[in-house]
Amino acid sequence: MPATEPVRVAIEDGIARITLADPAHRNALSKALSDALAAGVARAVGEGAAVLVLDAEPPVFCAGGSLDGLLNPQHGLEEMYAGFLALADAPIPTIAAVSGPAVGAGVNLPLACDVVLAGKSARFDPRFLDVGIHPGGGHLWRLSRRIGYQGAAALVLCGDALTGAEAAAHGLAWRCVPDAELPEAANRLARRVVGRSAELVRRTKQTLRASEGLRDAAQAVELELEAQRWSVEQPDFRKRVAAIRDGIANKHAQGASGR
């Protein structure tokens, strides 16, 4: 991808790294960046990546919607959603590694990912109402599901913001780590995904998503039973269980011979 593109995509060893690469515009969600992000997600899935990591060139993770685009709109608002909706719809696990501020619609990007890791410099600041615009793209729904009604009200209605550490404490991020450790923290999770059955990971993510709409535990048992029955019929299941069993047997044998 040419250096002038607002998004970079690198796929290696099953891990797709998508980097917002327009720091001159604070990685603002222009139509070009949003479309490039959607294309990057499609490429990652199409080329068989097992997991996707989203990060950004510093110092700002994403400054939200492009101000020029908001003042002189050439596209419908919904056309600006392509990037984060592609993240939200990705069938593979998605990890956001957030350092620096995520502002306004820029918060939609980590909210669209399965797991959010925050650097100490991260700041989550919706700020929609400060610029006179209603939140969009499912922002309120995703935010309230992460941090509850009161948290969403504090951030969106009252203009509060969360640091990286506060985001982890309130459930908006999974962990907060020093910025220098953020890439490796994301890679560590991503490598664990790559080491698992790709089909099983995708099926489990589907079930996890479907579980959110269930009303009671009985429905969850039935939903998971169908997927679990599928999993035990896969060759990978027998291979992994046999390897674990053989490993335990070998440890016991070594322990007995050492007595």
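Start by selecting A50, I92, V193, A198, V201 and R202, the residues that line the largest cavity. You are looking at a predicted model, so treat this as a walk through computed features.

**Stop 1: the cavity**

The largest cavity has a volume of about 30 Å³. How many cavities of 30 Å³ or more does a search of the whole structure find? The search turns up 1. Now colour helix α8, residues 198-211. This helix gives the largest share of the lining of the largest cavity, with 3 residues.

**Stop 2: the whole chain**

Zoom out and switch to a cartoon view. The protein chain has 10 helices and 9 strands. Turn the model around to take in its extent: the C-alpha trace spans about 75 × 45 × 35 Å along its principal axes. Of the 259 residues in the protein chain, 39% are buried.

**Stop 3: A16 in a strand**

Next, select strand β2, residues 15-20, and pick out A16 within this strand. Is A16 buried or exposed? Its relative accessibility is 0%, so A16 counts as buried. A16 and L52 are 36 residues apart along the chain, yet their C-alpha atoms are separated by 4.7 Å.

**Stop 4: two aromatic rings**

Now show the side chains of Y81 and F84. A pair of aromatic rings is described by the distance of the centres and the angle of the planes. The structure has 1 aromatic pair by the rule used here. In that pair, the ring centres of Y81 and F84 lie 5.4 Å apart and the planes meet at 40 degrees, so the pair is tilted. Y81 is partly exposed, with a relative accessible area of 24%, whereas F84 counts as buried at 3% relative accessibility.

**Stop 5: a nonpolar patch**

Keep the surface on and select V232, F237 and V241. What do these three residues form? Together they make a nonpolar patch on the surface, with about 230 Å² of accessible area. To place F237, colour helix α10, residues 235-257, where this phenylalanine is found. Its relative accessible area is 35%, so F237 is partly exposed.

**Before you close the viewer**

Conventions:
Residues numbered from 1 in each chain as written. Predicted model: local features only at pLDDT ≥ 70, side-chain atom pairs only at ≥ 80, totals over all residues. Heavy atoms only, no water. Patch = residues over 30% accessible without salt bridge, like charges linked within 9 Å, V, L, I, M, F, W, Y side chains within 5 Å. Areas by Shrake-Rupley, 256 points an atom, 1.4 Å probe, with all protein chains shown as cover. Salt bridge = Lys/Arg side-chain N within 4 Å of Asp/Glu carboxyl O. Helix = DSSP H or I, 4+ residues; strand = E, 2+ residues; numbered from the N terminus. Buried < 20%, exposed > 50% of the residue type's maximum accessible area, 1.4 Å probe, protein only. Phe/Tyr/Trp six-rings, centres within 6.5 Å; stacked < 30°, edge-to-face > 60°. 1 Å grid on protein atoms, 1.4 Å probe; cavity = no way out; pocket = protein on both sides within 12 Å on 5 of 7 lines; lining within 4 Å. Points joined across faces, edges and corners; volume = space filled by probe spheres on them.
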